[in-house]
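Me: I would like to learn how to read the aromatic rings in a protein model. Could you take me through it slowly, with the general idea before each case?

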Amino acid sequence: MAEKNEDKYKQFSNKLLDWYDIRRRTLPWRAAPGEISNPYFVLLSEIMLQQTVVVTVIPYFFRFVKKWPTINQLAKADFNEIASLWAGLGYYRRAKNLHETAKLISTKYNGLIPNNKEVLLSLPGVGEYTATAIMAIAFDKKENVVDGNIERIFSRLYKIEEPLEHSKKKIRTLSNKYLPCKRNGDYAQSLMDLGSLVCIPRAPRCKSCPVIFACKLGGRSEAGLYPKRLPKKSKEQRYGMFYLLIDNEGSVLFRTNKNERLFANMDVLPSVGWNGEKENLKTSPKIISKDLALFNLDWEILETKINHVFTHFKLDCTVVFFRINKKMTKNLLINKEYRFVKKKDFNQLAIPSLINKILTTFEDKIY
Ligand code: SF4
């Protein structure tokens with residue numbers, strides 16, 4: 001029996017690798033057939049891909065490697081430049097971690113990405129999945145890389161009835177049995193490609209699947225219903241107020257967010273009431289009470305509401321507006337946190353997508 005299973009695992013990885021040799025995706029960080037992986041490219045792409053999809057990452061990856069072709073160059077970069085190129089990729093803390101990791105690799109490991117999982121795990125922003133993926137893809141090590149695509153494939157192969165939230169350990173144990181003895185990096189990437197191209201979320205393309213012979217749901221309409229999930233909790237609704245302050249030259253007041261939570265080190269509009277503060281707003285404000293009147297100004301509430309969805313909550317943004325004169329501007333800038341920025345210089349800032357949305361919506365006010 002054990003021998004029979006071994007044959008099954010081997011047949012599975014062989015079929016998958018044969019398929020990968022023909023159907024593999026061409027990705028900018030991926031080594032071409034017969035080439036050796038560039039560990040810097042693998043590390044950079046894996047950090048960018050955390051909570052972001054491949055298609056979004058590709059242009060960012062190109063911009064980064066064009067500007068900083070090696071990890072040593074990235075390590076020496078000014079963080080503001082990294083932040084500016086990262087803007088729009090989300091989860092800004094990852095950019096900070098990437099820079100810290102690059103600096104550590106450059107100084108402590110001679111600019112070489114460590115070929116050791118424990119060491120990788122000690123680097124900022126490198127968790128279990130990222131370390132495993134780097135070991136497999138960059139160094140061809142026998143590592144069980146399990147991302148969301150691979151969880152979906154194994155849930156279907158075994159027709160796992162428990163919700164994914166409860167079956168991750170089981171999937172990990174099962175997928176571990178299939179690891180081949182060679183071409184480990186290719187095998188990990190072949191599963192990723194199978195999940196992206198064939199065993200896709202709602203309507204898997206079983207007719208094109210190289211491992212249908214091993215799949216309990218292969219070709220069945222219910223396959224798209226796996227993995228099973230726990231019922232979704234509805235997202236918390238939050239309300240925030242954002243201050244759009246324009247000076248006499250048409251520049252906008254920004255604040256560099258030193259806060260280590262959301263938008264850490266990014267350039268934002270001042271805001272209140274929504275980001276886990278004690279005094280969260282309970283609803284959209286209809287009037288500007290004294291405690292909401294930042295700098296004691298006579299703010300105007302703009303009618304258009306901005307809605308934005310984060311991973312754990314939905315945000316209803318009320319934007320308030322004031323055009324300030326020269327004398328008042330000087331008083332405000334006593335506070336070093338704030339600075340006025342001309343519209344033409346916005347591209348030098350690290351502006352999160354929510355703030356971009358606000359600036360675009362109220363573009364006609366910025367002059
Ligand atoms: Fe997924 Fe269908 Fe292949 Fe099974 S046969 S792994 S459900 S694509």
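Reply: Let us begin with a term: a residue is called buried if its relative accessible area is under 20%, exposed if that value is over 50%, and partly exposed in between. Please keep in mind that what you see is a predicted model.

Me: Is Phe 346 buried or exposed, then?

Reply: Phe 346 has a relative accessible area of 13%, so it counts as buried. In the protein as a whole, buried residues make up 50% of the 367 residues.

Me: How is a pair of aromatic rings described?

Reply: Such a pair is described by the distance of the centres and the angle of the planes. In this structure there are 20 aromatic pairs, and one of them is formed by Tyr 40 and Phe 41, whose ring centres are 6.0 Å apart and whose planes stand at 55 degrees, which makes the pair tilted. Tyr 40 is buried, with a relative accessible area of 5%, whereas Phe 41 is partly exposed at 21%.

Me: Which kind of pair do Phe 254 and Phe 346 form?

Reply: Phe 254 and Phe 346 form an edge-to-face pair, because planes over 60 degrees apart are given that name, and here the angle is 75 degrees, with 5.4 Å from centre to centre. Phe 254 has 0% relative accessibility and therefore counts as buried.

Me: Where in the chain do Phe 254 and Phe 346 lie?

Reply: Phe 254 belongs to strand β2, which covers residues 252-256, while Phe 346 sits in the loop between β8 (338-341) and α13 (353-361), so this pair ties together parts that are 92 residues apart in sequence.

Me: Which residues do ring pairs link into a cluster?

Reply: Tyr 9, Phe 12, Phe 154, Tyr 158 and Tyr 178 are linked into a cluster by ring pairs.

Me: Which residues lie over the faces of Phe 79 and Tyr 367?

Reply: For a case of this kind, look at the charged end of a Lys or Arg side chain and its place relative to the ring. Lys 96 lies over the face of Phe 79, at 4.2 Å from the ring centre, and Arg 323 lies over the face of Tyr 367, at 4.1 Å from the ring centre.

Conventions:
Residues are numbered from 1 along each chain as its sequence is written. This is a predicted model: local features need pLDDT of at least 70, side-chain atom pairs count only at pLDDT 80 or more; totals for chains, interfaces and linings use all residues. Side-chain values use heavy atoms; hydrogens and water are left out. Rings of Phe, Tyr and Trp (its six-membered ring) pair if their centres lie within 6.5 Å; planes under 30 degrees apart count as stacked, over 60 as edge-to-face and the rest as tilted. Buried means under 20% relative accessible area, exposed over 50%, partly exposed in between (1.4 Å probe, protein chains only). Helices (H or I, at least four residues) and strands (E, at least two) are DSSP runs, numbered from the N terminus. A charge sits over a ring if NZ of Lys or CZ of Arg is within 6 Å of the ring centre and within 35 degrees of the ring normal.
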